[in-house]
Amino acid sequence: MLYVDGMNGLISHNETVQWLYSLVGSKFRLVVKTALKLLLVFVEYTESNAALLIKAVNSVDTKRGSKLWSNVMEILNEKDGVDTELLVFGMTLINKTLAGLPDQDSYYDMVDCLEDVSASQAGHLLLCPWHLK
């Protein structure tokens, strides 16, 4: 069940979205999984939330001095004993965010950022896991 007032409050308070994204970099799997699920609900709630998530990702990763989407990419690039649900949630979050972007320019800007953090390589490793051995 979604609470509309709570979601509208979250939409208007980008610091909370930033906090959720920062939790994706946690060392605790349950925290990461819950944060990814909540971010998925946020992005799926309305298409304009994709831009808000990107704004939060930009803010968090810029403050950390790392490349955009680095928290999610760390999950996708893990090679040993990773939780498959985390992989699915991470890829789904990226895909839903890209699908919710309002124009083609912002879409390609985001794809370029993902290429900078080797998203295509991570996707290939997920599709062809025998390359890891």
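**Salt bridges, burial and packing**

Author: A salt bridge joins the side chains of Lys33 and Glu85, at 2.7 Å from N to O. This is a predicted model, in which local features need pLDDT of at least 70 and side-chain atom pairs count only at pLDDT 80 or more, while totals for chains, interfaces and linings use all residues. Residues are numbered from 1 along each chain as its sequence is written, and side-chain values use heavy atoms, with hydrogens and water left out.

Reader: What makes the contact of Lys33 and Glu85 a salt bridge?

Author: The term requires a side-chain nitrogen of Lys or Arg within 4 Å of a carboxyl oxygen of Asp or Glu. Lys33 and Glu85 have N and O at 2.7 Å, and therefore the pair meets the rule. Lys33 belongs to helix H3 and Glu85 to helix H6, 52 residues apart. By this rule the count comes to five salt bridges.

Reader: How do you know whether Lys33 is buried or exposed?

Author: Buried means under 20% relative accessible area, exposed means over 50%, and partly exposed lies in between (1.4 Å probe, protein chains only). Lys33 has a relative accessible area of 15%, and is therefore buried. Glu85, with 37%, is therefore partly exposed.

Reader: Which other salt bridges tie parts of the chain together?

Author: One of them is formed by Glu44 and Lys96, whose closest N and O atoms are 3.4 Å apart. Because Glu44 lies in helix H3 and Lys96 in helix H6, this pair ties together parts that are 52 residues apart in sequence. Glu44 is partly exposed at 46% relative accessibility, and Lys96 is partly exposed at 34%. Another is formed by Glu74 and Arg64, with the closest N and O atoms 3.9 Å apart. Glu74 is in helix H5 and Arg64 in helix H4, so the pair ties together parts that are 10 residues apart in sequence. Glu74 is partly exposed, with 44%, and Arg64 is partly exposed, with 43%. Salt bridges that share partners also join Lys33, Asp83 and Glu85 into one network.

Reader: Why is Leu30 called exposed?

Author: The relative accessible area of Leu30 is 65%, and this residue therefore counts as exposed. Leu30 has its place in helix H3, residues 29–45. Helices (H or I, at least four residues) and strands (E, at least two) are DSSP runs, numbered from the N terminus. The protein has eight helices and zero strands.

Reader: Why is Trp69 called buried?

Author: Trp69 has 1% relative accessibility, and therefore counts as buried. Trp69 is in the loop between H4 and helix H5 (70–76). The phi of Trp69 is near 65°, a positive value in a residue other than glycine. Most residues other than glycine have a negative phi.

Reader: What makes a set of residues a nonpolar core, and which residues have the most contacts inside the largest one?

Author: A nonpolar core is a set of buried Ala, Val, Leu, Ile, Met, Phe, Trp, Tyr and Cys residues joined through side-chain atoms within 4.5 Å. The largest such core has 34 residues, and those with the most contacts inside it are Leu53, Trp69 and Leu93. H3 gives the most to this core, with seven residues. Leaving aside neighbours within four places in sequence, Leu93 is in contact (heavy atoms within 4.5 Å) with Leu36, Leu39, Leu40, Val43, Leu53, Trp69 and Val72.

Reader: How do you know how H2 and H4 pack?

Author: Two packed helices are described by the angle between their axes and the distance between the axes. Axes are lines fitted to C-alpha atoms, for helices over the stretch in contact, and angles run from 0 to 180 degrees between N-to-C directions. Helix H2 (residues 14–23) and helix H4 (residues 49–64) pack at an angle of about 65°, with axes 9 Å apart.

Reader: What share of the protein is made up of buried residues?

Author: Buried residues make up 39% of the 133 residues in the protein.
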